Amino acid sequence: MSSALPSYAEAAAMVAACARELGPQAVSERIELEHALGRVLAASLGTDCDQPPFPRSTRDGFACRAAEANTHKQLKVAGAIHAGQPPAGPLPPQSAWEIMTGAAVPEGADAVAMIEHVERTFDAIRLLRPRTLESGENIVPQGAEARAGDQVLAAGTRMGPQHIAQAAACGHAVVEVSRRPRVAILTTGDELVPVAATPSAGQIRNSNGVMLASLVDGAGGDPWILPTAADNERALDDALRKAITADMLLISGGVSAGKFDLVEPALAKLGARFHFNGVRIQPGKPLVFGELIHSSKTKKIFGLPGNPISSAATFLLFGSRILGALAGHANPGPRFALAQLVKDVKGKSDLTRFVPSWCNFDPMAGELPEVNAVPSQGSGDLASFSHSNCFLVVPEGTDRLKAGSTVRILLI
Ligand code: AMP
Ligand code: MG
């Protein structure tokens with residue numbers, strides 16, 4: 001009975017609560033900053049110097065006193081200062097220093113007149129009318145961004161290019177990050193053959209193994225692809241005993257109601273507890289979320305439906321959250337955004353739909369990017385999925401999302 005299953009929101013809340021309890025892995029490691037992209041800081045970072053370390057000119061021009069420049073009288077050019085030179089000065093009265101972007105403003109100057117805004121004669125400049133300068137204009141004062149000793153990046157920050165640049169500016173050539181959680185990826189199914197093989201009649205290539213590995217990698221985990229397990233109790237039991245040594249398990253296939261869907265009983269036999277066995281979502285309704293204790297550690301387990309699009313959607317919606325928490329990430333996924341719907345999309349009374357879609361982020365013609373569902377043969381249609389860059393969310397109980405309406409999208 002589908003009404004006995006949790007809704008998307010209820011299942012997401014359960015997963016989020018588990019994620020909060022989990023917290024980061026105790027183990028951290030020190031790595032070079034240049035390898036820190038996507039890693040999660042295990043300890044906060046401070047700065048060893050003021051940022052900027054000196055009053056910085058943001059323009060090419062002339063450092064001067066605003067009050068003197070605003071008289072529009074000539075100011076004598078006292079010298080020139082380039083980026084990288086020690087601060088010059090003090091600035092004599094009625095004068096200006098030629099200055100380059102990024103250079104230290106000489107003592108005594110309180111503004112920088114842009115080169116385009118002055119008239120230069122041989123050894124003097126004059127601020128052109130009707131321009132005036134305000135005190136502080138085109139100067140970032142020393143320490144305005146951060147003071148020496150301040151924390152600049154919090155523990156739990158997942159390092160993007162912006163964080164790497166900040167760590168670099170503050171002198172952190174080596175950073176302490178959480179160890180990437182090891183995620184076992186166990187694909188199941190008698191029909192599966194390796195990617196490099198040519199499938200015989202009735203067989204298909206195992207596309208979920210590498211897809212889930214890439215999703216795990218993108219969410220900050222260390223994917224461990226196990227050999228595919230056949231659809232029998234013995235094979236599953238053997239494979240699960242191996243997989244459980246990882247920090248988290250993703251099992252693909254074998255969780256529907258079919259005769260050979262043996263994953264749940266195999267997990268139960270090993271002593272697993274289940275948080276839910278199914279969610280009111282499409283695709284991904286048979287999703288199983290549980291846990292097993294191994295070596296006195298609780299290992300979270302997702303039994304993902306085998307259809308590739310169901311596997312991707314359920315990992316993004318739920319798996320990424322647990323993985324992010326294990327990695328110590330302060331704001332783990334999933335990531336949603338708003339977009340404007342181009343064509344009507346049907347909803348379901350009792351399921352939240354996640355419809356593979358294309359969102360046109362570039363160019364942004366209107367206020368919101370436009371999104372369109374991609375025609376599909378269903379949750380096994382990788383050809384259509386490969387033309388998607390998001391899932392359109394159609395909330396449960398929606399008869400139809402209308403063209404032109406603002407909708408939520410789940411980013412892939
Ligand atoms: P299952 O969840 O095991 O009932 O599988 C549902 C559908 O997904 C079936 O059509 C399977 O052949 C397909 N499937 C299962 N596992 C994989 C996989 N690893 N790669 C690609 N397709 C899969
Ligand atoms: Mg199967």
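**Backbone exceptions in a predicted model**

At 76% relative accessibility, Ser296 counts as exposed, a term that here stands for over 50% relative accessible area, whereas buried stands for under 20% and partly exposed for the range in between (1.4 Å probe, protein chains only). Ser296 is not a glycine, yet its phi is positive, at about 55°. The residue belongs to the loop between β20 and β21 (297–304). Strands such as these are DSSP runs of E with at least two residues, helices are runs of H or I with at least four residues, and both are numbered from the N terminus.

This is a predicted model, in which local features need pLDDT of at least 70 and side-chain atom pairs count only at pLDDT 80 or more, while totals for chains, interfaces and linings use all residues. Residues are numbered from 1 along each chain as its sequence is written, chains are lettered from A and ligands numbered from 1 in the order in which they are written, and side-chain values use heavy atoms, with hydrogens and water left out.

A positive phi also occurs at Asn138, where the angle is about 65° although the residue is not a glycine. Asn138 sits in the loop between β9 (124–127) and β10 (139–140). With a relative accessible area of 15%, Asn138 is buried.

Gln282 and Pro283 are joined by a cis peptide bond with omega of about 0°. Pro283 is part of the loop that runs between β19 (281–282) and β20 (288–294). Another cis peptide bond links Gly333 to Pro334, with omega of about -5°. Pro334 is located in the loop between α7 (308–326) and β22 (336–341).
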